[in-house]
Structure formats: C-alpha cells, structure tokens
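Let's take a friendly look at where two protein chains meet. Please have a look at the sequence and the structure below before reading on.

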Amino acid sequence: MRLGVCYYPEHWPEEKWADDARRMAELGLSCVRIGEFAWAKFEPQPGQYDWDWFDRAIETLHAEGLGIILGTPTATPPKWLIDRHPDILAQDEHGRPRRFGSRRHYCFSSETYRRECRGIVTEMVRRYGEHPGVVMWQTDNEYGCHDTVESYSPAAQAAFRVWLENRYGTIEALNKAWGAVFWSQTYRSFDEVDPPGATVTEANPSHRLDFQRFSSDQVASFNREQVDIIRAFSPGREITHNFMGVFTAFDHHKVGADLDVATWDSYPLGFLDLMPLPEDLKRYWLRQGHPDFQAFHHDLYRGCSPKWGVMEQQPGPVNWAPYNPAPLPGMVRLWSLEAIAHGADLVSWFRWRQVPFAQEHMHAGLQRPDGAPAPAYDEARQVAADVEAIKAGETTRSEVALIFDYESQWTHLIQPQGKGMDLLRQAFETYSSLRQLGLSIDILPQSADLSGYKLIVLPGLPILNAGLIKQLKETPGTILALPRTGSKTDNFHIPETLAPGALQPLMPIRVTRVESLRPLVTETAIWVDSERIVINWREHVELPAPDSELGVHVEARFADGSAFWIEAGQVHYLAGWPDNEAAVNIFGVIAKRAGLEPRSVGPSLRLRRLGDLEFAFNYGLETASLKGLVPEDAEFRIGGMDLPPAGVAAWKA
Amino acid sequence: MRLGVCYYPEHWPEEKWADDARRMAELGLSCVRIGEFAWAKFEPQPGQYDWDWFDRAIETLHAEGLGIILGTPTATPPKWLIDRHPDILAQDEHGRPRRFGSRRHYCFSSETYRRECRGIVTEMVRRYGEHPGVVMWQTDNEYGCHDTVESYSPAAQAAFRVWLENRYGTIEALNKAWGAVFWSQTYRSFDEVDPPGATVTEANPSHRLDFQRFSSDQVASFNREQVDIIRAFSPGREITHNFMGVFTAFDHHKVGADLDVATWDSYPLGFLDLMPLPEDLKRYWLRQGHPDFQAFHHDLYRGCSPKWGVMEQQPGPVNWAPYNPAPLPGMVRLWSLEAIAHGADLVSWFRWRQVPFAQEHMHAGLQRPDGAPAPAYDEARQVAADVEAIKAGETTRSEVALIFDYESQWTHLIQPQGKGMDLLRQAFETYSSLRQLGLSIDILPQSADLSGYKLIVLPGLPILNAGLIKQLKETPGTILALPRTGSKTDNFHIPETLAPGALQPLMPIRVTRVESLRPLVTETAIWVDSERIVINWREHVELPAPDSELGVHVEARFADGSAFWIEAGQVHYLAGWPDNEAAVNIFGVIAKRAGLEPRSVGPSLRLRRLGDLEFAFNYGLETASLKGLVPEDAEFRIGGMDLPPAGVAAWKA
Amino acid sequence: MRLGVCYYPEHWPEEKWADDARRMAELGLSCVRIGEFAWAKFEPQPGQYDWDWFDRAIETLHAEGLGIILGTPTATPPKWLIDRHPDILAQDEHGRPRRFGSRRHYCFSSETYRRECRGIVTEMVRRYGEHPGVVMWQTDNEYGCHDTVESYSPAAQAAFRVWLENRYGTIEALNKAWGAVFWSQTYRSFDEVDPPGATVTEANPSHRLDFQRFSSDQVASFNREQVDIIRAFSPGREITHNFMGVFTAFDHHKVGADLDVATWDSYPLGFLDLMPLPEDLKRYWLRQGHPDFQAFHHDLYRGCSPKWGVMEQQPGPVNWAPYNPAPLPGMVRLWSLEAIAHGADLVSWFRWRQVPFAQEHMHAGLQRPDGAPAPAYDEARQVAADVEAIKAGETTRSEVALIFDYESQWTHLIQPQGKGMDLLRQAFETYSSLRQLGLSIDILPQSADLSGYKLIVLPGLPILNAGLIKQLKETPGTILALPRTGSKTDNFHIPETLAPGALQPLMPIRVTRVESLRPLVTETAIWVDSERIVINWREHVELPAPDSELGVHVEARFADGSAFWIEAGQVHYLAGWPDNEAAVNIFGVIAKRAGLEPRSVGPSLRLRRLGDLEFAFNYGLETASLKGLVPEDAEFRIGGMDLPPAGVAAWKA
C-alpha cells in the first residue's frame, strides 16, 4: 500500500525541487506522479527534445527514495503540432473542430496523432523505462474527460466503417442488425454509413450503440499502443491509467484489461455538487460528499484490473464545480482511509502545491500557493500513521456481487424511455441501499468469476452475456434482478420472448409492457402489512401458466393485482423501481434469505470489511455510535466506539 | 365510418402477412395504411424499382377485404439519394445540413428533391392507382415533424426571393411593408434579401412573418405536386395527409384545401407530458390525457377538409415523451369513440404490432412484439362493437364557432410580448373553458361560412381578414373577442387606429397600451359582486366619447377604473386574459345571452353533440354521474347514468 | 440641465415633422437626438449620399429652438455594404458570421468596416459639424448590445496578435504571464496564438482576460476614430455615447475618457425583469423597478466622463423583456427626477412616438402610434415644471466612494469559482445596502482622486492598481474591503503572498482558503450579541503574528473561531459575503466610525443629496413618511413630508 502525490516540477523554480522532495518523503509518501502534461517542455520544437530538466527532476525525487510514476503527455499536444496537423483535432457532430487552448483536443481516430503519440511515448519510455526510480507508468490522463470520447471527424468516419465491416462482414448483416428497414435506413455498402450525428430526430439506437462501441474501442486501442511500447522498453514497471468518476463513455473493463493498476481521480465534493440529489442532501453532505460515491467507484474500478488505487485524491476546495466548499476537517483523511479499506494499492493526493496560475489556480493542494501547509497536509501525515496502525492485509472477495456493464449503460443512455433513467444511477442507488444494510460489495463485469458469492445483483442490465447466464444457472447463490434486466439483445432489439430475455430460463416471466413515471408518481405494492413504493419505472409482467415447469411465487403485487416481486427458486425479480426505503427493506429480506447478515446503519454511517478487518466511516454531521455493530471486546486499531463527524474506526473482526 | 390500423409488411417475415390480414379483418377493421417509409425497399438502387414484394402485400391485405391506404414514401429519402444529391438536405440558420439517419431530412425548396419525389410518386401511383383495394392515398408523413418546415439552404433563399417578388412586385413595396427604414434594413433589390436567420438580435417581425408564410407555402406546393399526380392516375381515391398535434409551423387550412380527408396523429399521453401544465394536473391526467386536447384537434382539423379522421391513434405507452406511462384501461376505447363523436370518418391505430428494433421499438402497438394481443387489442374490438351500437349519423354544425388562424399564430410566436403567449394556447384555453360549459364547438378558419352560429369567438387573432369582418357585421349571433384581436395589420404593423383595428366598426374602442404580466401577477376586475381575475395580459382601453354613434357598455372594470369587459351591441371584448375560473363564469353569461344553454360539467367530464346523439366522456379518476345532464328517460346506446373512469356514454338527445 | 427626446424623422411623413418639433418645444424639451440608425437613408447606394431630407429635418427642429444631438449611424451598416464586404460581419467562436437583419452586425476589428465608418462619419460631420443647431454628437449606439464586443473573425485574430505583441514584447513574456507551462499551452511565437474560443474545456484565464482587454480596447479605438473626426470638424460640440445597464464587456472608463458626456439608456422595468431577484420582489417592484438600479448606473456613469446623462429614459412598456408591464403612474417622472438628483446634465426620453412597425413596434413612446399623448407625455411636462421648481445647483462630491473596475469584473466572470458570483453584482448589492442607510455614493474607477472621501469601499476587486493603493495609504478616510479584494495579480495569478495581495500593507492578513457556498448554505459569525449571516462565499484567513508591526483586531468570528470581520487601523476587511441584513448592520457601524450619519430608510425609500438639496424617492407601493429624515422646518421645493407611491420630494438641506 503506497501513498503518493501528483507533482509538476515544470511549474516551479528548480531550486524548490529538492526541498519539495525532502518534504514529500518526510510526510510519509512513497511515490510521486510527474510528467503527464509536459509535452511542450519535452519537445519544445518539432523533433527537438529537451529531457535535461526532466532528468534532474527525476534524480531529485529519486534521491529521496520516492518511486516515480511517469505520465505520458498525450492529453496535451502542443500548439505547433496542432498547427502542423489540424486533422488531429476531434470534431463535433456538425464537423466543428474542438480547438487548442485547454486539453484533450485530439481525435482518438487520427492516424496522424497516433503516430505522433507513438513517437513521444517511445522517446520517453526509451529514456526512462529502466530508470531505477521509475515504478509505474500512467498512460495519458483521464481519457474522455470533457466529453472527448466521440469524434465525428473524417478519420473517425473512416475508422467506423472499417470497424463495422469487421463486426458484420456484409452490409446485409448490418442492415438486419440495425433493423435498417425501418424509416428506409438501409445501406448498400459500408461506405454509405456515417457516424450518427446531426440527424433530424434521434438516430437508430443500434447505430448509436455501435458508434459508442466503436468510440470506446478506439480509446482502448489508443491506450494499448502506449501500453505495448511501455511493456517493450520498461520491463517490470506497472502500468495504470487514471479513470474518472460518473463516466461511462468508454468501456473501462476493456481498457482496464490492458492495465496492471486501475486508478481513478476521486473528488467527493465536486461530484456531490454535480449529482442529481435533492438540495437538502447536497447541503447536508456539503463538506463530506455522498457516503457511497467514493466507495462505489473504489469497488467498480477494483473490478477492472489486478490492482487499483486513487491517483488523484481531493485535498481541499476545487475549481470546477458550480460551488466549491472546503472539506470538513478530517474528511481528507477519511476519504483516504476509505480507499484503503476498499483495498487500494495506492492513494495519491492531487496536488503537492496549489499552482498560482492558469486554469486550475483555484484548485487546492497539500500546500498553499505560498508553500505553507494547507489543512490536508497534516491529514496526509495522519494517514501515513494510520496505515501503520491498521496493518491491513490483502483484499478479499465480498459476499455480494453487483454486476455492471458499459454496453448496457449505453443502451440506457441511448434509449432512456424515462427521463433521467440510467444504468449507472440504478447501479449506484442499488449499491447505496445495500450499503445501508452494512454489506460489503464487489462490482464486477459480466465476465467475472462469480463463484462464492452469496448474493448476485443485476441492477437492470439490458444486455446479458451468455457467459453470465451460464454462471447464474450454476451458482448456489441468490440472484436479484432489477427492472430492465435482459430487456435487449446484443443488437439493441427487444428479445423474441420479450424481457427478461436471456434470464427467462431462470425467471420464466414476460415483461409485456413498461411505464416510465413522472417525478412524484408512485405505485404501491402490497407485501404482508407494509407498503412498497415504486417510483420512476413500472413493468407489467406475464407469469407462466401455473403448470409451468419452473414455478414462480409472487411475493408482492401492485394495487391492481399485477406481480411486483417475483421469486423463482433462488432468483428474485422486481417489476418496478423501489424507492430507497422500500429497497432497503426488500434487499434486507433477500440478503437474509441469501445467508447474509444485514445490519441497518442509516444514511451516513458506512461499514467495510477488508480481510479480517472491519472499518467504519462517519459521513454525518453528528457523532455516531458503533454499539451493536462492533463486538464489545473488539480490538480497535484506530478510532473507537464513538465516531465523531469525519471519524474512522478499524477493528479486528 | 372506418376503423383501421397502420401496418409495415416490410418489418415482418412474409409468412406472417396472411395471418395478420386475417386477424385485422376479424378484429373489425376495414382499412390499413402501408408503405409510407419504404422508399429504400421500393427503389433499392437508383432507378431500379422492386414492387413485387409490395404487390404481394397489397394482394394479401386486399384478399381479406381491407381497404388500403397507400402512403407515399417521401418522408424518408434513402441514403444513396442523399449521397448523390446532398443539396436535398435542409439547412439550419447557420447553414448546417440536417443529416441522414432518421427521417424528414429534406428541404421543401430543393428542386432536386421535388424532381425525385415526383419520380417515385409517379411510379407508385401509376402502379397502384387503380388497384381495386386502394381506397386512399396519404402524402408523405407528418409534414414539419421535428421542426422541419423552415430551411435556410441556398434553394430556400432563392425561392424566398421569388416568393417575395411575387408578393410585393417592387422592392419599394417590400421596404414599406416591412418598415425597413427602421435600423437601415432597406433593400435595393429582392436579390439582397436573405432568410431571417443568425441575426445578432431579433430580425424584423414582418420579415419573419413573410418567411413563415413562404415556408408554409412551400409545404403546400410540395404537397400539391403529389396531389396532382394522384388525382391524375388514381381517380376516385381519397387523398389525405396526417397532421400532428400542437403544430402550427405551416398553414393547415391551406394544405387541407388540397385534401379530401384531413387526418391527424393523436397521442394523448405523449402530448400531455409536453404541455405546459402544472405538475399536479400532469399527475392527475397521467394515464388519461388532457380532457380537451384530443377534442380540440378533432374540431380544428374537421375545419380543414371535407372529411377528417385520426390516422394514428395511441394504443399504449410511446417512446418519445420524457415519461411514457400506459393508458388507463379503457382509455384507448374512449379516445377512439371521442373521435367518432366529433365526426371522424376514420380511426386508425398506430401500429398493428410493436416492432422490436430501431427508433420506435419502445412504441406500443395493438400487438406486443411477440405477437400476443396488447391491452389495446381488445379495446379496438370493443370500439368496433360500439360503432355498431351507436349508429351515428352525419356530423352537424355546432352552435359555437371558434376562429383559428395560422398567420395570426405566427405573429404571436414572432412577437409574444409576454413570455409563453401564443395564440394556439389562448385558443386552447378558450376552448377548454367553453367545453367546461358543456358546449360543442367548431374550430374554423377566417374564411369559413359563419352563418347560423349563435356564438362566434375570436381568441386573440391579431390579423383579421376583410371577409371575416364582413361576416361579423352581418351575423345575428353574439361575438366574443379576446385580447390582441385585430392588433396587427397584414404586414405586422400596429393598425393606424390601434387595436382592435378592423374590429373597430363593431367594437369602437382603442387599445392604447398593453401589459404582459409575470406569473402570479393578477389584476382584479369587479363585476356585480364577484371578482374576475386577469392573468398574463392586460390592456388599457380608450372608450369612445359618450356621444359616439356606436355606444358601448362597460360590464366590468379593473380596480383602477379602466374598462375590462366591454359590450357593444352583440359584441363583447375582454381587455385582459381571464384565468380559467373567471373565463368559465364570463363565457357562461355570454353564452346564455347568445341563446345557448351552458351546463357546468367540471374539470374532467366532457359532452359532445353529434347530430341527434349526445356523448359523455369521463377523463377523471372517479365515477361521474350524468344526472341533470341527461334526460331521465334518455335512450342510452352505450354506457349509462354512471360513468366510471374512462367511461363513455351515448344517448339520443 | 437639459430635457430631450429621441426622434426618427425618417419613420414619419415629412408633413408631421413641423408639428412634432413644435410640440417638443411646447412640452419643455430643449434637445432632440436624431440620425443614429439612418445610414441606408444617408447613403442609399454605395457612395451616393442623400442629405436633403436630413437637412430639412434638422432645419425643422432647429426652427423650434431645439438643440440637436446627431447620432453617427454606424450601428447599422446597410445590406449593400455587407454584401460587398462580408468580412465586416463579426464571427462567433466557431467562425460563424453574425448576419445582417437586425443591428450591430459588425466586427470592431474589421479594417474594412473602420474605413467605411470613417467615410460616412466624415461626410456627416463635415456637413453638419458647424450647424448652429447641432449641440452634441453621439457615436454609434449602445456599443456591445446583444453581446457584440467579442468577435473571433480572422481580422480579430490578427489584431489580437498585434495587441499581444505590443503588450508583451516577447513570446516568452506572454508564456510566463499566462502560466502557459500549464497543460502544454506554451507558444513559440505570437502567430501561434488564437482567440480563446471553442476549446474543449475552459481556456486559460489569463488568455481570456487578455482577449477581453483586447476586445474592449477595440471598442475604445473604434470609438476614438469617430471622436477624432468630430473634434476636427465640429468644434465646440459635446460628444457622447449611450451606454447600457448591467453591461461590462468593455471598459466604460476607457471609452468614457474620450467623451464629454457619458450617457446611458435607462429601462427600469425591463432590467428588473432580467435581474436575478426572488420572484416576490419582482412582483412587488413590477411597475417601479428596483430602487437602486437606476441610481447605481447614474453614479457609475457619472464617474466616467466630465458630464453625464440619460439618453434613453423608459416612457412605458417596452418590447424586449420576457414580461413587459407598464410603469406605475408617476414613475416616469420619478425616474427622470432621480437622474437629475444624481446630477444628470441631460434626460432624454426614448422615443417621441411609438413606431407602428419593425422590431420595436411594441416599445412605448411619449406618444402613442396614433399620435395621441401616452401617459408619459404629461409626466414629461411635469418634469419640466419640476426642474424649474427645484433649481438644482452643480453636482458635488459624495462622502462615500465605491470603487468599480472593469478588469476586475472580467476576472470574476472568467473564474467565478462560485456560480453566479460577479463583481458587478457584489458592487450593486454593496451599493444597495449602503443606500438603505440613506448615504449618497460616488462610483469611481481605481484611478480617481479619492481625496476627501470619508468612506472608501472596495467591493471585491481582485486586481488592485498601484495608484489606488498609494491613495489608500494616504487617505485619512475609512476603508472597507470585501471578499476577493486583491486576490489576483494583473496577469490573473494568485499573489505570491496570497490575497489580499497589494492590500496587505494596509491589511496584514492572508486568505489561505476560499469556499463558494450553495444557495441557502449560510455561515454564522458572532459579533456582540447578534448574528451575522454569511452567504455565497467564505474565506479562511491567517492573521499576522501578535507581534506583527501592524496589529489587527478581530471584530467578529465565524462559529469555528476563524476571523470574519477584521480591523487594521482605519481598514476593515470582511472574510465572507454578508447577506443584506448583515451588510446594512455592519456597514452602519463602519459608516458611523467613519464620521458619516447613516439613517435607515428601509427597502423602498431612497435619499440623495445634490449640493445643498436633498431628495427623497418612494419606490414602494405604500405612502412613505419623511418624518425624522427631514428637518421639521425644511423648505420643500417639490413634494412634502408624506410621499405617495412614485412620489418625489426635494428640500433645501
């Protein structure tokens, strides 16, 4: 487990470097990320490289024993490169270039740009690949940030056509897969197919899904080119990329498969501001962030690569959210320890020192712009001490698996049917309700090994892979499927036997009709004596004939008698979206039946098991008691029975 | 009176066709619309036609006795045609093409496209025009859908200049008509005039009005080209076009004048979601639709052509509204019968079977995608039985005429003066208040024959035609004019004698000042003991001198003493926009004075007279009683004194 | 002190001119503005001028003794000019031209346009410059209206590069000033620098600030070209330009420095509608306008030039706000007299008569379109009488100076950090709180002479000029600095010693962290027994060591103990944004300490001192009493102790 920091030697006078390095080591950090935006410093003129200053920066940091994470600088091609090759710029759906002057102004399909990237990366990796101080490489920076995955440039158009031909072989196959007979969308050859942009009304959803798959694949292959170079010339070093939060425009599982360490950039307060939450919750969690947001992403990205971590941890107010408050004292420590509790191999703060100029000059660092310690500085030092005290072991598998899938998410975004419906949101809300039961969760791709899980949750995945279905048939665990599960084929059609399609061998029902509901419209479902409130989405379900081979049991029904909660053996299906209160109640019952021990922890307290340790985190503004959750004689490694706001406890469980 | 369905044989395996046709006939349908999006199947390669499959489809349907409505496929030009002639694409005000990939991607002014359309339509009409199964033609599909009336292409620019020269003769006349001296907008020749797009601030309203007139005329002439071909080669067949709801970008009266049957596409739930209503009403009418929305459009389009009907009737949840609930059980029947009560010659459901792919795969049909009956299937069967039971006669004229005019609507949209002010909305709200008084209404163009009407309502038409004024002077009926009536000349100027301009011979007042009011700002007008609340809009009126030849009587005044409700003989003028409660009260008084018998029916119950029949429709969620509205001894043909939700009654009146 | 009106002879038949002129004089007006949109009438064909009609218009007005204000017509280049030189059009950040059809469709950087403007202005000034009736010139009209300051045309790009080279000399200096090392934004030459448009995410703030400075300078130099021609050929005549409200895209102090009279266009009701106020206040002030809005702009523009005035005073409902109510009876008079109380040299109503056509046909005038007097006509006459009764002397300096600065405003807009944060808004709210204490205020640029002021307020100016700091060090007055003061360098960096940067010699603190707060999030600061509520913005401040040379006193602290209100000698600093109630209380204490005599006047009553006169204005809907505010034996020149709504009083103080 490593602690680190992001650092930009090029922003500071060289005479400060040695002291910076010394203080990093003194603070308890073991690694430092550098270089990822410095192309214009590395190659100030076309083909003329200047590595001397960077050599010295690396030596200075290495001299203090810091492991160096080198970022390739391909997120920021210099102006001279753009002026020479304007075809590098991505284009929007109207063909307008996305211009120089910030970052990520490139098209993943530009062959020119790929060639230039191979050039600079090869230069860099050849020079530093075997340096003893270099421990890890980061490719590029935050792929897709600022909506940069899709491009409608001529290069993208050409590559998309090749991609389609590879996928379909014949244009007839494409026409069939897309249902192109609808509205005379039939193509005569792949050369007639454009990216789905600037259409009069919505483009064909199958067309859009394939364009998203293509665009995602372009990110993965762009990344792979760098990975291949690094593997070739920097043996033994780990490779990472820093993902973002709430971002699904490319398939992180695919990119993650080429990495050793999936990292992400965790900004709890900035993201809270952007979340579609009620205002009162945004005010309550103003300086803490949402108690499930960070954990959700930790668990999601843990499922992407052999190791994972946080590459950029928010240290104070940022500059990019509509409102930018400061963290509650202690929260930077809490967020950092929470990552560790979820098994992080690396926690790295962004950035060492607030830079006094340019776009991010209002983004806090561990140090203020004047070099004095910012509040997070001492919290970082405390984290280093906590790590010693905690003595965490290896990450272990949880008992609950939540399946997330990027293609399925795209189907939601392309055809939400109900405003704001979105698989990521459904997965997050499901996760949050399960966490309010004190459960630890793994978020996994469809291809993951599901053996050993007591509860497997499908939070509304329209596209189900055959491999997943096979595992679901074999698991002795309990399965919970939420609305929209299995509702689409791979080509974005409705399955011949209707939803839940591929799940029907396990849940023999047919969803005959779906309704998306306005805000505040609810449906009531009756179960024992209590009400279950369904919001946003309701389905009408046809049950199998009573003499069907695979029987079903209806656990709860809507007021009109239609089935809501259906059980078929170990499989549960909900034909409507429960609000949080209903979800906690229902999931609690299912969890118990699955052999789990759910514990209600309320809105702001969170638990997490890591090997033989258990952690508690208090996101609330009041002190929380762990009585009843922790054995009376538990051995606390940090914290205790009473957790103040921003408090963390860890004990041997 | 015909029942029908929309069908797409090209979407389904040929082996299903015969069974589909058989079941349509069995369900009680007598006609079926096909073909309107199938250009790429008709002409898969440039100039190479493939009619064989369509021949077989027609024969199969004809064999079951179904009358065939053939749609021309010009709403969806194929990709090969666009690639060959990119000038077909419409352009937005910045000159950006609206691209292939959905539908309606063409410019009405493109001579290339007109030539191609004449080509495919001629081929089609020559082949099927005299087929005994063919009973009707539909031109294109939903002209203007997705904001496709206006185009700023070079073709549109050139055609606009010709249109202007035809209208004005000399550039001096145009300059005068537009008040071009204002802001140095004077032109030296027609060649200098562009469409009014991408201007720094709003363009000249006269310029915009003429561009809308031109754009509307382009739709009409585009349609007429197809009508002429059909009339030439398909004698005796009716011609229709399917209009939309809440759509005023072209003059439906002008297009309707070339048709035999004006049809429209009725989606009560989708439209409810889009209406600017308070949330609580959207929730209350969630699964029923607004009780006046459908009727308003029935009555509006009945005024367009000799016959009218519903070409696409919503059968279940749709895919295109922000939220898409399912109709309350019985509502599909109610909507269908309501159309019949308003005199529909055709009610046709969209579509036979939900298609499992492409843009509309979440749009319900009479059948589910798996071919089983959807809930609307049995309601359609019931409608067929109801039609038999009702034995409706011919449509008869109502006693109330509401005048609607597209040019007037454009003046509102171009110069709303108050946010959200809009003639269609004013006309709709006026209609709704009158319907809450149990009245049946005809919505008519200014040119209609108004003889025999007891009450003629002008819901705020700024531009009054001389022909209308002549009829108003001669009518013995009562006239109700609402704010903005007569407030503009034909060229979008303020009349020399101010508003109500051309109405002044009948209502000798001058509107000296208008105010648009913020939401929740109200003005009170006193009348006897009750308050009249004015919202949105208030006018200050100058009355004629007491010794004026034509006297006026002030029925109610604003709190500051200014006249609100003014009577001059049989003519009433309101100098402010009443809220619904006030409108119902005031209109009730006026209706009685006009010799009508208003009956208060509340928010959700609606009545409609058709010949010697009277109908009642319950849009509410509670059972409604007809006591007091129906004679005790009335002979019910369907329904009875107590109407459940979605209930319909018809009795001999 | 002159009263005037805006008039468009070209809009009316020539036979009306003489009567119009006669009635203007009869009404008590002494001047009339004409000509500013008539280019197409002056030069109907390229190079062919037609001045005859204008000669006659001028003679007609002059014959009645009216002083003529001539507007240059450069806000509306004719169509023939645009067609000949499309490069005149401004372009948006995507390179799209802003087209002909309204007004202000030109790029300030177009050399073509500058040449054409010099041409028409020279023609006009040579012809009329020495006419005895001409008393003033207005350059162009409302520079920047409709967001027309910035252009991204090739001409603007080229001029921007020259401007940058002039500013920085070397590209290295620019790279340093912009912190271009960040995100590889380094340039190799000025030819590589583009305007900061269409970037993927936000462009460099230093880059943006310089582009705004450049764009503003282009306005100033465009204006100066006309000023130079007028000075050369029209000796002795004053020069003005009519500024707008709430508009900061160019530096009005710089443009004002070239003028004799800074005028502005005052539309109280239109602007109220656009202000970000709570709905209940918008309803309360619906027909009066905000009680500080007009005064704020009077005081702001008084600080721009030797004289000032209102060129366009709203006379009734306008056409351009979302909602357009009519003024309360008396308000047109109140607004006019309020301008006079603030020292206006000119009040001119817009317009003489409502024009019945084109874009502004719903904009009221002193006369209705039919030529009858509108309500404002008699109010204008009353104002002329009031002016006689008041016998106002020269404007005198106030005791409170509020510093406003356009560059500082741009830093707020470019990097708000908190949504909606804006220096203009902060300055306005500060001004409003001070006015609720009955104070008269001068709004001044940083370069103004501050001697004699008892209280100098810095409402959050990030960039402080050395000259201002020098004066602040020397003043015996009290200084109040609000959050963000001194928080940026001239290049948009954080100062080396952090905020308040250049103010630290006077206020020796460091702002170590800032927080922008969501709506309804407040912080409490404790002071004596009362609470001070901080909204929107909070700072964390480091105080100097207790043994620091310059001691500070903390007057109030936040609940967490951090300093909120800090005093260092005569200097006060607030480390958070107070809400209005807190601001009135705090400012009242500081005002008293500064030797002022604050008097609480509540939300709607306003006072203003002018020489030895004092004025009161009632913006409320209830009668206000001046008891306690006016000496019992005061000599009222107009009004009295009880002020009705829209009432005005003036007495010798």
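## Polar and charged links

Between chain A and chain B of this predicted model, 24 residue pairs are in polar contact, both at pLDDT 80 or more. A polar contact is a pair of N or O atoms within 3.5 Å; within protein, one must be able to donate a hydrogen and the other to accept it, and residues adjacent in sequence count only if both atoms are side-chain atoms.

The interface also holds 7 salt bridges (a side-chain nitrogen of Lys or Arg within 4 Å of a carboxyl oxygen of Asp or Glu). One of them joins Arg510(A) to Asp370(B), with 2.6 Å between the closest N and O atoms.

## How much is covered

Chain A brings 47 residues to the contact and chain B brings 59, where contact means heavy atoms within 4.5 Å. About 4,700 Å² is buried between chain A and chain B, and carbon and sulfur atoms give 55% of that area. Buried area is the accessible area (1.4 Å probe) that two parts lose on being put together, summed over both. In chain A, the residues losing the most area to chain B are Trp183(A), Val200(A) and Arg518(A), together 19% of what that side buries.

## Confidence and conventions

The mean pLDDT of chain A is 97, and 99% of its residues reach 70 or more; pLDDT is the predictor's confidence in each residue, from 0 to 100. The model scores 0.97 for ipTM and 0.97 for pTM.

Residues are numbered from 1 along each chain as its sequence is written, and chains are lettered from A in the order in which they are written. Local features need pLDDT of at least 70, side-chain atom pairs count only at pLDDT 80 or more, totals for chains, interfaces and linings use all residues, and side-chain values use heavy atoms, leaving out hydrogens and water.
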